[in-house]
Amino acid sequence: MSRDTKHRKIRMGMVGGGEGAFIGAVHRMAAAMDGEIELVCGAFSSDPERSVRSGQALYLSPDRVYSDYHSMVAAEATLPVDERMQFISIVTPNHLHFPVAEVALKAGFHVMSDKPATLNLAEALRLRQLLQETGLLYGLTHAYTGYPLVKEARERIAQGELGTLRKVVVEYHQGWLAHPHDPDNKQAAWRLDPALAGISSCIGDIGVHAANLAEYITGLRISALCADLSTFVEGREMDDDGSILIRFEGGAKGILVASQVCVGEDNGLNIRVYGDQGSLEWQQQEPNTLSLKWAQRPSEILRAGAGYLSSLAASSTRTPSGHPEGYLEAFANLYMAFAGQIRALEQGHTPDERAGDCPGIDEAVRGMQFVEQAVAASASDAKWQKLDVL
């Protein structure tokens, strides 16, 4: 590979994320933050006119703005290798995640997808098979794993500082769906439509983030659960609240609570992990602080950007201590890692520590398995539902 090619930006196409879409703009800002990735094309809406307007607003070449994802993948595949997109970012409602990924992978393009990975577990398993067949890369934007102090928490536990883990408490509380939603609110409408979102609203949208965060930080897999899901707002087909008891491999126990109807809550994702030697706490709305408590010595407060953090946390931090980083930077860490994976694959070497730290197909399958088992457990008279290793 020539020097010029080696140091070019990774080229991204996007499906979804057009006018009125919140998460598409987040993905674009995150991908662009470190100067490693450029948006070169897109099919931004199922409405061709809206897709064109969205592409114009993003200053893309008109011939690289497409009416649908099938046309985009087909056209991009005909372009010279050094011009075509290298991966697709999928930022659509859930029902399109697998169809878009399938078309992209079969045409030879890597995939970065918003979560949850697919509409259901069967699709996630088919996606894993496709990745095995193609040898292509897949990333999943469980963005909260991108925070430096989440990585620090993971490292502290991996080093055994908390001792044997006993209890995990993870909460994700929102209040934006506490009342019947405005029919014109597209963000609410598709999340509450089983045809577009899948079998769960609350657990599929935010509970899966909480479960992923618990597994990421502790390094433990959830082995069984007991769930009680509720629908508080009359007329909804899916859950808007959930309380789940969890068993982890190795004997630790946990509690996961998630809700979209907690009035006054914005984005209250919090986790506490207790071992026999110490404990830690991290809160998403105060992401630059990690609290450590010990059995035999004073408590500690760790701050992002400090020189005492692990190499992975340090490499995921952009500003000096005291200069807060937040959601976009955490999101950007996942895109930076995925770009590193693509470069490593194309250059024939092993990704470095940072590039390797991006959720992928294992997390995709685990997430869909968790959602489906939570719904099944809530509907069952049996107390515990096992999560077998798939």
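**Exercise 1.** Locate Val 389 relative to strand 14 (385-386), and decide whether Val 389 is buried or exposed.

*Solution.* Val 389 sits in the segment that follows strand 14 (385-386); strands are DSSP runs of E with at least two residues, helices runs of H or I with at least four, both numbered from the N terminus. Next, take its relative accessible area, which is 60%. Buried means under 20%, exposed over 50%, and partly exposed in between (1.4 Å probe, protein chains only). Val 389 is therefore exposed.

A friendly note before going on: this is a predicted model, where local features need pLDDT of at least 70 and side-chain atom pairs pLDDT 80 or more, while totals for chains, interfaces and linings use all residues. Residues are numbered from 1 along each chain as its sequence is written, and side-chain values use heavy atoms, leaving out hydrogens and water.

**Exercise 2.** Find the helix that holds Glu 123, and work out which side chain of opposite charge is nearest.

*Solution.* Start with helix 6 (residues 121-134), where Glu 123 lies. Glu 123 is buried yet has no salt bridge (a side-chain nitrogen of Lys or Arg within 4 Å of a carboxyl oxygen of Asp or Glu). The nearest side chain of opposite charge is Arg 126, 5.0 Å away. Lastly, leaving aside residues up to four places away in sequence, Glu 123 touches Phe 98 and Thr 118, with contact meaning heavy atoms within 4.5 Å.

**Exercise 3.** Name the residues of helix 2 (residues 22-32) that are buried, and some of what covers them.

*Solution.* The buried residues are Ile 23, Gly 24, Val 26, His 27, Arg 28, Ala 30 and Ala 31. Their cover includes strand 1 (10-16) and helix 12 (327-347).

Notes
Lys and Arg count as positive and Asp and Glu as negative; His and the chain ends are not counted.
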